[in-house]
Amino acid sequence: MASLIEIKVPDVGNVADIDVVDVLVKPGDEVKLEQTLAVLETDKASMDLPASAAGKVQEVFIKPGDKVSEGTLIATVLAATEESGAAKQEEAPAQQAPVQQEVATAPVEKAPEPTSQPPVAAPEPLTETPARSEPGKAAHATPAVRLFARELGVDIHKITNGSGRKGRILKDDVKNFVKKVMTEGVAQSGTGIPAMPSVDFSQFGEVEERKLSKIKRLTGQNLSRVWLNLPMVTYHDEVDITEMEAFRNALNAEKSKDDVKITGLIFIIKALIAAVEQFPQFNASLSADGENLILKRYLNIGIAVDTPNGLVVPVLRNVKHKGINELSAELAETSNRARLGKLMPAEMQGGCITISSLGGIGGTAFTPIVNAPEVAILGVTRAKMQPVWNGKEFVPRLMLPLDLTYDHRVIDGVEGAKFMAAIKQYLGDIRRLLL
Ligand code: CAO
């Protein structure tokens, strides 16, 4: 006996119009449970939509380029009924809704948390949304121009006067529309920053144009907004982690081959927790009117993770009472899922302060951008052995460079320096974490 299962986009919070970037199955394909049916992309992550039932695909209702929301029908699957467990399904025709509330656990991004400090008046969104498009009324433009507009996120229906024959919308009209919106938006923000000119690089040599991933595009927009809105200062220092490293190596030596190894980052997380408890203004956000500081009694730490689709920031929750091993296991598991694009939206929300570690790669210093509405971010680059003067002689010590960027509206320079000094104390002598 077989039953027809409708696979729909599950509860995705408040996010609508999620891009479908790839559809990996077609009618007639046999799919296994949890096999990826489609890849969705939101502003922070590219995510797989897994099959919540095994069987033969009957119909696929989406294609790349579509936009989906919670409840959108993805596909129907004819599944062999099993007697046990969640796989047991009711037989029903595909049209009969809802046949079966198959809740695929697709990690789809929720709307970003409301920020406590709204950005300056942003340019009017360029993105085409079904709500704004005039149903049934096609814009007067060739498919190539429509594609060009879509790539720039422009709602072609908003371009009213095409400069082509009989008002046809041309590529230049799309470019001019973008320029106009950007310039007006910047003017509204009061920054007066002129738009970057568009350059035809092909006049200098061969070029290839590659589309940025959605995460990169939206991360870029967010970073620019933070950069323009927050007066940020980055304070650099370095800390002697020779003893900490000896302890870390000793701990790792006790571990078996299959255990998660402890990286230095875990000690940095512990030191950051202790420092935040000492300086609660670092676990705060400005209220929307900029008049009050919202101090948080909970502490969640965001960790910037590099993934093939771009930067994501999963959040380690309620870290105050978590130990080194627990944090290590959680970080390894979370960053692994981040790289596979399998993070749930909620896992990237609610951070209080972020760490961006480039230490596994190198560097001597950098200036990370605050993950607003948080007020500070700690950057880490590569520790290296250095000759350090101890009053009598130079001795080899392992020195770790740290970079603290903070929102200067909330954190004073002295507070920043004291906060860094506390982190240094904890990392320099980790016994202090017990105090
Ligand atoms: N100094 C010296 N060595 C370091 C180090 C440091 N500061 N930090 C990490 N390492 C070493 C680790 O000990 C590990 O060594 P072994 O392979 O010998 O065990 C190696 O580098 C790789 O570490 P890792 O990167 O896998 O692990 P981590 O816990 O240090 O970091 C994570 C985890 C998820 C933060 C990291 O993998 C990552 O994605 N970093 C990129 C973050 C990013 O993109 N930041 C930029 C954002 S823009 O502001």
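In the classification used here, Ala, Val, Leu, Ile, Met, Phe, Trp, Tyr, Cys and Pro count as nonpolar, Asp, Glu, Lys and Arg as charged, and the others, Gly among them, as polar. By that scheme the shell around the ligand, taken from a predicted model, divides into 11 nonpolar, 7 polar and 4 charged residues. The ligand is surrounded by 22 residues in total, of which Thr-263, Arg-339, Ser-356, Thr-381 and Ala-383 are the closest.

Three secondary-structure elements, namely strand E14 (305–307), helix H6 (324–339) and strand E17 (353–357), each supply at least two residues of this shell, and H6 gives the most, with 3 residues.

| Protein atom | Ligand atom | Distance |
|---|---|---|
| Thr-263, polar side-chain atom | oxygen | 2.6 Å |
| Ser-357, polar backbone atom | nitrogen | 3.0 Å |
| Arg-382, polar side-chain atom | nitrogen | 3.5 Å |

Of the 960 Å² of accessible area that the ligand has on its own, the protein covers 66%.

Turning to the chain as a whole, its secondary structure comes to 7 helices and 20 strands, and 43% of its 435 residues count as buried. When contacts between residues at least 6 apart in sequence are considered, 64% of them join residues at least 24 apart. The chain exposes about 23800 Å², and carbon and sulfur atoms supply 55% of that area.

Key:
Residues numbered from 1 in each chain as written. Predicted model: local features only at pLDDT ≥ 70, side-chain atom pairs only at ≥ 80, totals over all residues. Heavy atoms only, no water. Near = heavy atom within 4 Å. Polar contact = N/O pair within 3.5 Å; in protein donor to acceptor, adjacent residues only side chain to side chain. Areas by Shrake-Rupley, 256 points an atom, 1.4 Å probe, with all protein chains shown as cover. Helix = DSSP H or I, 4+ residues; strand = E, 2+ residues; numbered from the N terminus. Buried < 20%, exposed > 50% of the residue type's maximum accessible area, 1.4 Å probe, protein only. Contact = heavy atoms within 4.5 Å.
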